[in-house]
Amino acid sequence: HMASLAQRVYHPLVGGKSTSAQWTETIAKEVRDNFETFVANVQITQGHVRGVTCLPLPSAGGPRGEEMSMDISKKSSGTEEGDGEEKGEEEYQQIHALEGAIITWTKQIKNVLKNDSESVFQTYENPGPSAEVEFWVSKASNLNGIFDQLQSPKVRRVLKILDRSKSTYNAPFAKLCKEVFHARTEANNIVKYLRPLVPWFNGLENEVEFERLVNHFKPIMHLVLLVWKSSAYYNTSSRLVILMREICNTIIRLASNYVNGDAIFDLIEAGETHTAVKMLQTLLKVVGRFKTTYFSYKQKASVECPDNPWRVQNNAVFVRLDSFLERSH
């Protein structure tokens, strides 16, 4: 409602000649610029509410923008010289508004492009592998939405106007659009290849019998290796490290639920020290099995993917898990 009211009611009032005539040019320009910023922020907020990136469309890209593009086209071909200084000033304001929109879009798009799955470690405390899938699903959806907006007639009209006015913003933005296309392809590919792992990640994270965790390790590592071999994008050391760290986080969480400090001391006070020791031995056995499974598949990767083995430092993968194991020992 706010967006419609601002664009359909307030914008014609703020930008109208009768209103501007009552102000000095400096005041009129400041009001227009601030109002454009407000309208853009409302549109961006609409996108945030829906969980997507909304590229705010400038009012200059509306119906008047079509007339202006025709004027610019005529001038560039030498068929019309324009209607004087007033029209030239109006045209300058329109171009300025459109270039402002390009600057805003560039910032928004770059923020989405630079966001990598490692950011989930900042968003969540010790995230599990499901957070990895959720990140890529969200990023793919976001990039698909941006791509669709860039293909829309309204955005194309803005770019067409700036192209005809020989704006210097067009070439860098065209390059950014190509980056969006490649990043979108990458995110969609990763989502496709991670999807078969979702049931196994859910099974791992929701396992209630700690000793049965070992049944999940081999299928998960087998699928991870298949993804590594098949996906064109999810086959880099950094992404493997992130995924393994997330799996380790889940194992640590489940192990801590199985036997924690309070439980151990309660058993000792109750004279059940041998029970606490047995539970710790089970914990060490289960966690040790995961590491053994990982190293087994790391060896397989070296054999089956000689051009792209798992070249990762073990400490990078197991830094938190090894600390937990040491404490358990």
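How many aromatic pairs does the count come to? In this predicted model, the count comes to twelve aromatic pairs.

Trp105 and Phe173 form one of the pairs, with ring centres 5.9 Å apart. Their planes stand at 45 degrees, so the arrangement is tilted. Trp105 belongs to helix 5 (residues 85-113) and Phe173 to helix 9 (residues 170-194), so the pair ties together parts that are 68 residues apart in sequence. Trp105 has a relative accessibility of 0% and therefore counts as buried. Phe173, at 2% relative accessibility, counts as buried because the limit for that class is under 20%.

A second pair joins Phe290 and Phe318, whose ring centres are 6.4 Å apart. Here the planes are at 80 degrees, so the pair is edge-to-face. Phe290 lies in helix 14 and Phe318 in helix 15 (residues 314-328), so this pair ties together parts that are 28 residues apart in sequence. With a relative accessibility of 1%, Phe290 counts as buried, and Phe318 is buried with a relative accessible area of 1%.

In soluble globular proteins, nonpolar side chains tend to be buried together. The largest nonpolar core holds 76 residues, among which Met244, Ile247, Phe290 and Trp310 touch the most other members. Helix 14 (residues 273-304) gives the most to this core, contributing eleven residues. Which residues does Ile247 contact, once its neighbours within four places in sequence are left aside? The partners of Ile247 are Pro129, Phe201, Leu204, Ile220 and Phe290.

Helix packing comes next. Two packed helices are described by the angle between their axes and the distance between the axes. For helix 7 (residues 129-151) and helix 8 (residues 153-164), the axes come within 5 Å and cross at roughly 60 degrees. Helix 7 and helix 8 are therefore oblique to each other, because an angle of 65 to 115 degrees would be needed to count as roughly perpendicular. On the helix 7 side, the contact is made by Gln149, Leu150 and Gln151, which meet Pro153, Val155 and Arg156 of helix 8. By class, the residues of this contact are three nonpolar, two polar and one charged.

The loops on either side of this helix pair bring in some backbone detail. Asn126 is found in the loop between helix 6 (120-123) and helix 7. Its phi is near 50 degrees, a positive value in a residue other than glycine. Asn126 is partly exposed, with a relative accessible area of 36%. Lys166 sits in the loop between helix 8 and helix 9, and phi of Lys166 is near 60 degrees, again a positive value in a residue other than glycine. Is Lys166 buried or exposed? At 68% relative accessibility, Lys166 counts as exposed, because the cut-off for that class is over 50%.

Finally, Glu36 has its place in helix 3 (residues 25-50). Glu36 is partly exposed, with a relative accessible area of 22%.

Conventions: Residues numbered from 1 in each chain as written. Predicted model: local features only at pLDDT ≥ 70, side-chain atom pairs only at ≥ 80, totals over all residues. Heavy atoms only, no water. Core = buried A, V, L, I, M, F, W, Y, C linked by side-chain atoms within 4.5 Å. Buried < 20%, exposed > 50% of the residue type's maximum accessible area, 1.4 Å probe, protein only. Helix = DSSP H or I, 4+ residues; strand = E, 2+ residues; numbered from the N terminus. Contact = heavy atoms within 4.5 Å. Axes fitted to C-alpha atoms, helices over the stretch in contact; angles between N-to-C directions. Parallel < 35°, antiparallel > 145°, perpendicular 65-115°, else oblique. Nonpolar A, V, L, I, M, F, W, Y, C, P; charged D, E, K, R; others polar. Phe/Tyr/Trp six-rings, centres within 6.5 Å; stacked < 30°, edge-to-face > 60°.
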